[in-house]
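I opened the notebook to go through the fold, the strands and the charged pairs. The entries follow in the order in which I looked things up.

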Amino acid sequence: MKMKNQTVISSFIFRDLPIPPEDQPLFYVLFLAMYLTTVMGNLIIIILILLDSHLHTPMYFFLSNLSFSDFCFSFVTMPKLLNNMQSQVPSISYVGCLTQMYFFMVFGNMENFLLMVMAYDRYVAICFPLHYTSIMSPKLCVCLALLSWVITMLHSMLHTLLLARLSFCEDNVIPQFFCDISALLKLACSDIFINELMIFVLAGPFMVIPFSLIIVSYIKIVSSILKVSSARVIHKVFSTCGSHLSVVSLFYGTIIGVYLCPSANNSTVKETVIGMMYTVVTPMLNPFIYSLRNRDMKEALIRVLCKKKISL
């Protein structure tokens, strides 16, 4: 696979984390603990939702999908990061890099769509409580989840195939600890106009529209509950939506930091910290946000543990 005046590379090298050598073992243990916490936290939520019939509702069905997406999202980047921290040359093969980028985009976009669907679920539950069961039927919930998975997979496949047609020259150092599409496009030595055009065209359906619909849903929710004079009802609504709003703020806050507010001076530390927030911290915090602020999850955990004790 050779092109004129170009040497096609077979692997990429990740830029070293801006960590002093003497602190490497400490940060390795820290990242490993964060990864294990992410895995355990999201698995516990998925298992609780599967085992407890009280959680077999549309909201928790979408939450289980979100936890699965967070689990996979972390799995895409963290094991490779931990392995590279112990390696003298933190590299990844060309095929491995494209594969990582594909799944990184799948699970990142999946969280975006699931947050939008969950906002719609809260909107229907609060603004149309009497029709909630008929509107959010099991069939509709499954269709919304499947549609989200299919769309994100096709979207990620499109960008991966478009990237695969590009050629890369001598410069194969990725200025991050994972394969990100924006970083890879900067390394390409062939025309990337089509790639950038598709990113721009699809930014609306995949980022702007979901975020806008989430905002509209919560504007409708707030305007609806402000008409209610009962402080108890208002408190209940805000407690129900608080977890989702926290996750939305965390997710879109890090997205803005990564893609809309890039480092002006290409600061390695700043880029790495923002990347860590997006790929490591957010998937780890989501289970805690939902479990600590959600009474249903706490009660489900107690019921499951009590049943296990009785069976023993």
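In which sense do β1 and strand β3 pair, and over how many bridges? I found that β1 and β3 (residues 173-174) pair in the parallel sense over two bridges. Strands here are DSSP runs of E of at least two residues, helices are runs of H or I of at least four residues, and both are numbered from the N terminus. Two strands pair if DSSP finds at least two bridges between them.

Ground rules. I am working on a predicted model, where local features need pLDDT of at least 70, side-chain atom pairs count only at pLDDT 80 or more, and totals for chains, interfaces and linings use all residues. Residues are numbered from 1 along each chain as its sequence is written, and side-chain values use heavy atoms, with hydrogens and water left out.

Strands. I then checked the partner β2 (residues 91-93), which runs antiparallel to β1 and is joined to β1 by three bridges. Ile13 stands opposite Ser91 in β2 and opposite Val173 in β3. Buried means under 20% relative accessible area, exposed over 50%, and partly exposed in between (1.4 Å probe, protein chains only).

Whole chain. I counted ten helices and three strands, in the order β-α-α-β-α-α-α-β-α-α-α-α-α. Of the 312 residues, 46% are buried.

Annotated segments. I looked up the unreviewed UniProt entry, which lists transmembrane regions including 140-158 and 192-216; its positions are given in the numbering used here, feature names are shortened, and annotations may be inferred rather than shown by experiment. In the model, residues 140-158 are 100% helix, with end C-alpha atoms 27 Å apart. Residues 192-216 are 96% helix, and their end C-alpha atoms are 35 Å apart.

Charged pairs. I searched for salt bridges (a side-chain nitrogen of Lys or Arg within 4 Å of a carboxyl oxygen of Asp or Glu) and got two. One joins Arg303 and Asp52, with the closest N and O atoms 2.8 Å apart. Arg303 lies in helix α10 (residues 295-311) and Asp52 in the loop between α1 (24-51) and α2 (58-85), 251 residues apart. Arg303 counts as partly exposed because its relative accessibility is 25%; Asp52 has 3%, so Asp52 counts as buried. In the other bridge, Arg122 meets Asp121 at 2.8 Å, N to O, and both residues are buried.
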